[in-house]
Amino acid sequence: MFLTAEESATLRIQSSVFHIVGDVNIRLLSEFSTGAFSEFFTDRVRSATKGSRYRFALDAPVLAKLKRITAHPGMFQQESEALAELFHSEHKSSPGSVPGAFLLLNLAFCGGGRLFALLKFDNARVIGYDFGAGTPASRPKPTLTDIENTFVESREALQKAVLVR
């Protein structure tokens, strides 16, 4: 079991950043607060705990970058960019790769536990809709909007997930 029920229930995001990868050029973004959307992201992390388990080689670049963040939290942004560039360089040339958001989450849970989540969400086209109040004589007419840059709850949108304790 990757997380106990208590650890899973107490997951909270300490720091978060995402970068746009998989297109011709990478787009580096700044650290942000997940705020009202924290539960959305922690739910994605919880869903990833059911996947296969692997061990990093001790000299793996990803592991080294995460260890630097643990030792020097002020390096979170810098190391997230290095991780995104590493992912982007491998991902952009893969057949069928889809541009999307590469997230790095630094999480804490009960008992002082720490966890890193590296998540890659594919861009997914979403059609949004809205409608006015209408009038007593007519029904409301809907309007549609194309929303291109999204995080969606669909399991298919979360393409890659790596959790590191």
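Visitor: How many aromatic pairs does a search of the whole structure find?
Guide: The search finds eight aromatic pairs. Rings of Phe, Tyr and Trp (its six-membered ring) pair if their centres lie within 6.5 Å; planes under 30 degrees apart count as stacked, over 60 as edge-to-face and the rest as tilted.

Guide: Please note that this is a predicted model, where local features need pLDDT of at least 70 and side-chain atom pairs count only at pLDDT 80 or more, while totals for chains, interfaces and linings use all residues. Residues are numbered from 1 along each chain as its sequence is written, and side-chain values use heavy atoms, with hydrogens and water left out.

Visitor: Why is the pair of Phe41 and Phe151 edge-to-face?
Guide: The ring planes of Phe41 and Phe151 stand at 80 degrees, with the centres 5.3 Å apart, so the pair is edge-to-face. This pair links distant parts of the chain, 110 residues apart: Phe41 is in helix 2, and Phe151 is in the loop between strand 5 (142-147) and strand 6. Helices (H or I, at least four residues) and strands (E, at least two) are DSSP runs, numbered from the N terminus.

Visitor: Which aromatic pair does Phe151 form with Phe121, edge-to-face or stacked?
Guide: Phe121 and Phe151 are also edge-to-face, at 5.2 Å centre to centre and 80 degrees between the planes. Phe121 belongs to strand 3 (residues 113-122), 30 residues from Phe151, and is buried, with a relative accessible area of 0%.

Visitor: Which residues do ring pairs link into a cluster?
Guide: The cluster consists of Phe18, Phe32, Phe40, Phe41, Phe121 and Phe151.

Visitor: A new topic: what is the volume of the largest pocket?
Guide: Its volume is about 770 Å³. On a 1 Å grid over the protein atoms alone, a pocket is an open set of points where a 1.4 Å probe fits, with protein on both sides within 12 Å along at least five of seven lines; lining residues have an atom within 4 Å of a point. The volume is the space filled by probe spheres set on the points, which are joined across faces, edges and corners.

Visitor: How many residues line the largest pocket?
Guide: The lining has 24 residues, and Phe2, Ser52, Arg53, Tyr54 and Leu163 lie nearest the centre of the pocket. Strand 6 gives the most, with six residues.

Visitor: And the chain overall: how many helices and strands has it?
Guide: The chain has four helices and six strands. Of its 165 residues, 36% count as buried.

Key: Buried < 20%, exposed > 50% of the residue type's maximum accessible area, 1.4 Å probe, protein only.
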